[in-house]
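Hello,

Here is the structure I promised to pass on to you. Have a look at it first, and then read on for my notes on what turned up in it.

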Amino acid sequence: MPEIQIHPTAVVDPGTVIGRGTAIWHFCHVSGDSVIGENCSLGQNVYVAPNVVIGSGVRVQNNVSLFTGVVIEDNVFLGPSCVFTNVLNPRSFVSRKSEFKDTIVKEGASVGANAVILCGHQIGRYALIGAGSVVTKDVKDFEVVVGNPARHHGWVSRHGNKLNFNAEGRAHCPDSRCNYQLLNGCVIESAETTE
């Protein structure tokens, strides 16, 4: 596994933990006490605030800021210029650091370019947030949301393929060969695969 790559223009504060194989590109700032897993890529001009946790295999595209309270699990994709917040009612003259709300992006989820994720919400496993969307509530596992505010627009497989459920609430992903079940408005990935 390759060693850590840090571009000469990037600033990495003391106390940061960075996993092997991770690349930090031009003009990034990674604050102390943050944790970045193995084999991640932080594109140009990414900011990582103190105490942010980023899992392994994460791709953070250019111009993304991850503020305190944001947790990014393994294999997440964050599109260019997507935005995270950590306070619901900011004022320049009122300190609300004690009111930061956590935002969790679960394993395998993708957030499109220029999407806005309001704080205090969870993005489910393998969910897909459309470009330019504004997320104002939790997003379920495998759910696709688009728009402002972001609304349900369907379901995708682990591989990002659209899931078309039959009358029995079953769907199949041709790439992974995994089966999915839609039950009570939630998608469950089956352990069984189609040969």
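Strand β13 (residues 77-78) and strand β16 (residues 110-111) run parallel and are joined by 2 bridges. Two strands count as paired if DSSP finds at least two bridges between them. The strand names come from DSSP runs (E, at least two residues), numbered from the N terminus.

Before going further, a word on what you are looking at. This is a predicted model, with residues numbered from 1 along each chain as its sequence is written. Local features need pLDDT of at least 70 and side-chain atom pairs count only at pLDDT 80 or more, while totals for chains, interfaces and linings use all residues, and side-chain values use heavy atoms, with hydrogens and water left out.

**The sheet**

Where do β13 and β16 belong? They are part of an open sheet of 9 strands with mixed pairing, in the order β1-β4-β7-β10-β13-β16-β19-β21-β22. At the edges are β1 (5-6) and β22, each of which pairs on one side only.

**Salt bridges**

How many salt bridges does a search of the whole structure find? The search gives 5, where a salt bridge is a side-chain nitrogen of Lys or Arg within 4 Å of a carboxyl oxygen of Asp or Glu.

Another salt bridge is formed by Glu 189 and Arg 158, and its closest N and O atoms are 2.8 Å apart. It links distant parts of the chain: Glu 189 is in strand β25, whereas Arg 158 is in the loop between β22 and β23 (170-172), 31 residues apart. Arg 158 is partly exposed, because its relative accessibility is 35%.

Arg 125 and Asp 141 also form a salt bridge, with 3.8 Å between the closest N and O atoms. Since Arg 125 lies in the loop between β18 and β19 and Asp 141 in the loop between β20 and β21, the pair ties together parts that are 16 residues apart in sequence. Both ends are partly exposed: Arg 125 at 24% and Asp 141 at 28%.

**Aromatic rings**

Rings of Phe, Tyr and Trp (its six-membered ring) pair if their centres lie within 6.5 Å; planes under 30 degrees apart count as stacked, over 60 as edge-to-face and the rest as tilted. By this rule there are 3 aromatic pairs.

In the pair of Tyr 47 and Phe 67, the ring centres are 6.1 Å apart and the planes stand at 55°, so the pair is tilted. Tyr 47 is in strand β8 (residues 47-48) and Phe 67 in the loop between β11 (65-66) and β12 (70-72), which puts the partners 20 residues apart. Tyr 47, at 26% relative accessible area, is partly exposed, and so is Phe 67, at 30%.

Why is the pair of Tyr 126 and Phe 142 stacked? Their planes are at 15°, with the ring centres 5.7 Å apart. Tyr 126 lies in the loop between β18 and β19 and Phe 142 in the loop between β20 (134-135) and β21 (143-146), so this pair too bridges parts 16 residues apart in sequence. Both residues are buried, Tyr 126 at 9% and Phe 142 at 1%. Ring pairs link Tyr 126, Phe 142 and Tyr 180 into a cluster.

**Backbone details**

Most residues other than glycine have a negative phi, and most peptide bonds are trans. Tyr 126 has a positive phi of about 60° although it is not a glycine. Asn 184, also not a glycine, has a positive phi of about 50°; it lies in the loop between β24 (178-183) and β25 (186-193) and is exposed at 80%. Finally, the peptide bond from Asn 148 to Pro 149 is cis, with omega near 0°, and Pro 149 is in the loop between β21 and β22 (151-155).

Best wishes

Definitions and conventions. Helix = DSSP H or I, 4+ residues; strand = E, 2+ residues; numbered from the N terminus. Buried < 20%, exposed > 50% of the residue type's maximum accessible area, 1.4 Å probe, protein only.
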